[in-house]
Structure formats: structure tokens, C-alpha cells
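Hi everyone, thanks for coming. I'd like to walk you through one model today, so please have a look at the screen.

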Amino acid sequence: MARGKNIIIAGGGTGGHIFPAIAIANAMKKLAPATEILFVGAKGKMEMEKVPQAGYKIEGLDIAGFNRSSLIKNIGLPFKLVRSFFQVRKIFKGFRPDAVVGVGGYSSFPVLRLAQARDIPSFIHESNSFAGKSNILLGKKAKKVFVATDGMQKFFLAEKIVVTGNPVRPAIVNVSSIDKNEALQFFGLQPGKKTLLIVGGSLGAKSINTAISKGLENLINAGLQLIWQTGKTNAAKWKEQTADHPTVWVNDFITQMEMAYAAADMVISRAGAMAIAELCVVKKPVLFVPYPFAAEDHQTVNAMNLVEKQAALMVKDNEAIDKVVPAIIELALDENKQSELKNNISKYAIVDADERIAREIIRSIEG
Ligand SMILES: CC(=O)N[C@H]1[C@@H](OP(=O)(O)OP(=O)(O)OC[C@H]2O[C@@H](n3ccc(=O)[nH]c3=O)[C@H](O)[C@@H]2O)O[C@H](CO)[C@@H](O)[C@@H]1O
């Protein structure tokens, strides 16, 4: 790559967009250290905290999505959208991007739109097997569209698609180098006890939390210790419930997911695209509870792809409260099933998507 290209990475809203974006940024810095990277996100969203933690600068736009639960909250929306376009113009004026990468989430839209209007090369990463509406629109003028799976021609032009898989961050790719006891210690848990990791996607999952709260004593009596990520909603309540249990670690978010994966023997998880990609890489027996209201119910599709290959278990969201805890206790007692799930899920691991995407972008803008 010619010296020091300036790249904007735009998007966010949830961990499923932010963490792959950071993985792509890191890979670009590794392949072309002179690259300058600026993130653009939405004010008040998770990226405004997570991106600086990863060592990158971020600008926040005044953009928001359509609020379906409270129509009154949408009054300022057109104004915010217009303002965000002005904010993007100002950012472009200062940073002068050579290329922009959209990873999904509100802020992708005005950034890629302006780039495309000005003939600045734009790229998209779509992590789901069902493309989001704004990515479909932006994909028409994008130079390349990076996708996780085959069969995306129904959303994007075939010649733009590059199947790369989803970029899992290196700390998670290298999880096997973490000492398990050290990881357990990190969470204040005991060596030698079977450890269950519970993750409700980047924002937490109500049905999973309710199931765990209800079945907590059963899980403990079955000899399990827990790393339980709750999301922000009701986090204080779950913390209080578990305060007297020394073998239960609870928090609204896990910053070092590699430690959680290293400590875990089994996992209960939502079935977002990145959770799936990571679980294949870290090879854990997993029980999925897909979020049923994601677009086109894509989390169920994600989970079923693995369940059909005997590579994971699944409980539906509306059955979670009754079925999740008995199912995971049954799995905890069945070492053969755990090995089968582990072996099968490991076949779908992709560990170099970050570098493949970074290399394609660099090659494309070099001409
Ligand atoms: C409810 C919803 O619509 N969810 C979508 C959202 O999910 P969500 O943001 O939950 O996304 P994913 O499961 O894809 O990714 C979660 C990411 O957050 C990280 N993480 C999670 C919890 C935690 O405590 N710490 C942490 O670091 C995980 O390691 C992973 O990298 O984006 C995904 C990718 O577009 C979609 O497939 C999901 O359907």
C-alpha cells in the first residue's frame, strides 16, 4: 500500500458490528502500519466506549434509528439525519478518507452515502446470512462486499461479493494459549469445577437471564460454576441474587471474552453472527437460544445451520425458561455429547477473515 492511506470505518450499535470492525482495523494496521484509521459511530451507542478502549479514535454522529415502541421519539429523526450528513461532511473535510468501510448500524449509512457520492471507494462487511436493508442499498455502489457465507447473490451483485467469513478478534483466535486456571482465577472461580458461560449477545438476553435466575440453585447443585453476562437491563437484580454464591460471576458485559471462552467448558448463547463465528473458533459445546425477532429470524437460521450438523444444541426463546437449565445439566453429565459437539463445531472455524478483508481493501484502493 502506498504510504499512509486514511480509512474510515463506520457503523456500530451492537457488539456484532463493533468487534469485527475493530478486528478489521487491527488487521489493516498490521498489514499496512502507516494506515490512519478513524471510526464513525452513533452518539450514545456502544461503539463510543468500545472503540476508544481498543485504541482507535471515533467521531459520533447525531443519528438514531426508527423507534417502533414510541412514535413520539421519532419526531426529531429527520432533523438528526440531516444533521448527521453535515457532520459527515465535516469529518471528511478534516480526515480526507481514501476509502470507507461500512460494518452495519446507523452511522454506516450517511458515511457510505457521502463517500459514494464523491467516488471515494466504499466497502461493506455483512456478517449475517440475511443482508440488512441499508447494506443492500449501499452495496449497489460499493467496490466490494465482504460476506460470511455463500448464497448472498440475492442481496448483492455477484462480482462484488467476496466470501471471507466473519472476522474474529485475534485474542479469541488465540484462546488456546490462555491457561484455563488463570482464566478461572480471572473470574474468581475454582479450578477443577465445570464452568458454564452464559452470554446473551452483546446486549444481554431477557429469556436466558430469567431461565438462569429461576434455575440457579439447580445449576449450582449440579456442580456447575457460572460466568453470567446479563446485559445492562436488570443487571443489579441478578447481581444481588447471586451475591452469596462464590462460584457465580455476574456482570452486565464481559470485556475480555477470550478469558471467558478459555474458562468455559460449556456455553449458553444467543445466536448472533459473531457469537457463532467465535464459538466455532473456540470449539465449545454450546446451547443456543436464538433471539426470535432479529430480521428474518436469522438467529434461528444461524443456530439451525449448526444444530443440523450435530454441532450445537438449541432451545427456542419461548421455551427457554423451562428448558434451558435442564438441557444444560443433561449436557454437563454427558461427556460424549460434549466431545461430539466440540469436534463438529470446530469444523466451521474461520480464523483469518480479518486479514482477508484487510488485504482486499488495501489491494483494491492501491488500484
Ligand atoms: C438482537 C440482534 O438483533 N442481534 C444482532 C446483533 O447481535 P449482537 O451484537 O449480540 O452480536 P453477535 O453475537 O454477532 O456479536 C456479539 C459480539 O459481542 C462480543 N461480546 C458479547 C458479550 C459480552 O459480554 N462481551 C463481548 O465482547 C462477542 O464476543 C461478539 O464479538 O448483531 C449480529 C451481527 O450483525 C446479529 O447477527 C444479531 O442478530
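I'll start with a sheet and then move to the ligand.

Two housekeeping points. This is a predicted model, where local features need pLDDT of at least 70, side-chain atom pairs count only at pLDDT 80 or more, and totals for chains, interfaces and linings use all residues. Residues are numbered from 1 along each chain as its sequence is written.

Now the sheet: six strands form an open, parallel sheet in the order S10-S9-S8-S11-S12-S13. Strands here are DSSP E runs of at least two residues, helices are H or I runs of at least four, and both are numbered from the N terminus; two strands pair if DSSP finds at least two bridges between them. At the edges sit S10 (248-251) and S13 (313-314), each pairing on one side only. Further in, S8 (residues 194-199) and S9 (residues 224-229) pair in parallel over six bridges, and Leu197 has Ile227 in S9 as its bridge partner.

So, what surrounds the ligand? There are 26 residues around it, and Thr14, Gly15, Gly16, Gly201 and Gly272 come nearest. "Near" means that the C-beta atom, placed from the backbone, lies within 6 Å. Helices H1 (15-31), H11 (273-282) and H12 (298-307) each supply at least two residues of that shell. Domain 1 (6-167 + 352-366) and domain 2 (171-346) each contribute at least three residues to the shell, with the domain bounds coming from an automatic or database assignment.
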